[in-house]
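Let's take a walk through this model together. Have a look at it first, and then we'll go piece by piece.

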Amino acid sequence: MSGFMAGWLCWIAYVATAPIEVTAVLQYASNYLPWLTTAIDGDRALTPHGLAVATVLLLTFVIINLAGVRWLARAKARRSHLGHRLHACRLHRLLGGLGYQLEGVRPRHPRWCRFDRAALLG
């Protein structure tokens, strides 16, 4: 149940992020570009040009946020893979240090258990 709730909360947060960013950018930009908004009964409203700018900004922010989500997922997958390799290496070294001989494992540490950067990331 908690995974379901966390998924929905993440989705709601993701859906709300881009419009909030667009609103902030347009409020800031309307001070320098007055043609983006107009005053109607004391309230600020978007002009047709402002609506077009808001649409372009919204699409831009959605693409940027999606790229960020993809990058984060890939980074987490790489980190997870590296963590699994490190745990396997620690286990191998621990069992080898205790004198156990694992079937099919040489007494020397295999290539994936060396602590050099190329072997760990490769």
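What does the secondary structure of the protein chain come to? There are three helices and two strands, where helices (H or I, at least four residues) and strands (E, at least two) are DSSP runs, numbered from the N terminus. Follow the sequence and you'll read the pattern α-β-β-α-α.

A quick word on ground rules: this is a predicted model, in which local features need pLDDT of at least 70, side-chain atom pairs count only at pLDDT 80 or more, and totals for chains, interfaces and linings use all residues. Residues are numbered from 1 along each chain as its sequence is written, and side-chain values use heavy atoms, leaving out hydrogens and water.

Of the chain's 122 residues, 16% count as buried; that means under 20% relative accessible area, with exposed being over 50% and partly exposed in between (1.4 Å probe, protein chains only).

Now for helix H1, which covers residues 2-29. Its 28 residues reach 40 Å from first C-alpha to last, close to the 40 Å expected at 1.5 Å a residue, the expected span being 1.5 Å times one less than the number of residues. H1 does bend, by about 25 degrees at Thr 17, and Pro 19 is a proline that follows within four residues. That bend is the angle between axes fitted to the seven residues ending there and the seven starting there.

Which residues of H1 are buried? They are Ala 18, Val 22, Leu 26 and Ala 29. Met 5 also sits in H1, but Met 5 counts as partly exposed because its relative accessibility is 47%.
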